[in-house]
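Let me put the structure up and then talk you through a few spots I liked.

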Amino acid sequence: MLAARDIGLNAGRRVLCRGLDLDIEAGQLWAVLGCNGSGKTTMLHAQAGLVPASSGHVALEGRALADYAPRELARGLGVLLQHEEQDYWGTLADYVRLGRYPHARSPFGDVRDDDPAVMCAIAECDLAPQALQAYVTLSGGERQRARLAQLWAQDVRLMLLDEPLQHLDLRHQQQTMRQIRAATQAGRAAVVVLHDLAFAAQCDRVLLLYGDGSHAQGAAADMLEPKRLEGLFGCRLAVCGSGATAHVTPVI
């Protein structure tokens, strides 16, 4: 689905990542882990074509990202950004409806016929009672779920999600990860930047970014080994359980 070859990432003079090859296949759920400033967001943006990598190239389904028209690319690949700086003037439903723009039949983006898809996405994110509420009046957690609903409405084959669990209570964290997993089980693919190692343990594969150019990737059970995680985060950790039920906590 998505293939990245020889990717290098820089932040000013800092080398965040060098020589990364990555293959994301349909049906896979990837977690991206690393300390603050290690390049997780930069990596996601490079995979989405939002910023150019310092070196290497990225292709979606065999075509370079640059070969896609923006709306065509947005029908196959969707991004949940970590930050959204501007408020939105309309209702929650209006905001979610923006996710249907890549599928509009006219260049003017008339998506009124897509209301069933919009309302389904809103309901899946547990927001039906707030559908006609002004977006600016939503709480932080409700806004995050509205942003997720917009991505569900976009209906893409590959989802790149930067910290999708931020601002969410425990129930909605669980609900969101279940939705993402259900999407991959239906043949889509997802890459998720996470800080919660318990959720990372339930992913198929994990990419570790060390922020000094080095990286590692593999099956979740292999990447979440305690010594490897201690090297990644620079702190002592205690691990209870194993595999998808592993629980990792720092040792104070």
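This is a predicted model: local features need pLDDT of at least 70, side-chain atom pairs count only at pLDDT 80 or more; totals for chains, interfaces and linings use all residues.

Arg-97 counts as buried, because its relative accessibility is 17% and the cut-off for buried is under 20%. Asp-94, at 23%, is partly exposed.

How many salt bridges does the structure hold? There are 10. Let me show you two more of them.

One is between Asp-23 and Arg-5, at 2.7 Å, N to O. That pair links distant parts of the chain, with Asp-23 in strand β2 (residues 14-24) and Arg-5 in strand β1 (residues 2-11), 18 residues apart. Asp-23 is partly exposed at 33% relative accessibility, and Arg-5 is partly exposed too, at 30%.

The other brings together the side chains of Asp-155 and Arg-188, 2.8 Å from N to O. Here we're linking two loops: Asp-155 lies between α5 and β7, Arg-188 between α6 and β8, and they're 33 residues apart. Asp-155 comes out partly exposed at 36%, and so does Arg-188, at 27%.

Okay, on to α6 itself. This helix covers residues 170-185, so 16 residues, and spans 23 Å from first C-alpha to last, close to the expected 22 Å. After the helix comes Gly-187, with a positive phi near 105°.

What do the buried residues of α6 pack against? The list includes β3, α4, α5 and β8. Among those buried residues are Met-177, Ile-180 and Ala-183, but also His-172 and Arg-181.

Ile-180 takes us to the core. The largest nonpolar core has 49 residues, and Ile-180 is among those with the most contacts inside it, along with Leu-33, Met-159, Leu-161 and Leu-194. The biggest contributor is α5, with six residues. There's also a second, separate core of 29 residues, including Leu-16 and Leu-209.

Last stop, Leu-194. Leaving out residues up to four places away in sequence, Leu-194 touches Ala-31, Val-32, Leu-33, Leu-165, Met-177, Phe-199, Ala-200 and Cys-203. Met-177, remember, is one of the buried residues of α6.

Definitions and conventions:
Residues are numbered from 1 along each chain as its sequence is written. Side-chain values use heavy atoms; hydrogens and water are left out. Helices (H or I, at least four residues) and strands (E, at least two) are DSSP runs, numbered from the N terminus. The expected span of a helix is 1.5 Å times one less than its number of residues. Buried means under 20% relative accessible area, exposed over 50%, partly exposed in between (1.4 Å probe, protein chains only). Contact means heavy atoms within 4.5 Å. A nonpolar core is a set of buried Ala, Val, Leu, Ile, Met, Phe, Trp, Tyr and Cys residues joined through side-chain atoms within 4.5 Å. A salt bridge is a side-chain nitrogen of Lys or Arg within 4 Å of a carboxyl oxygen of Asp or Glu.
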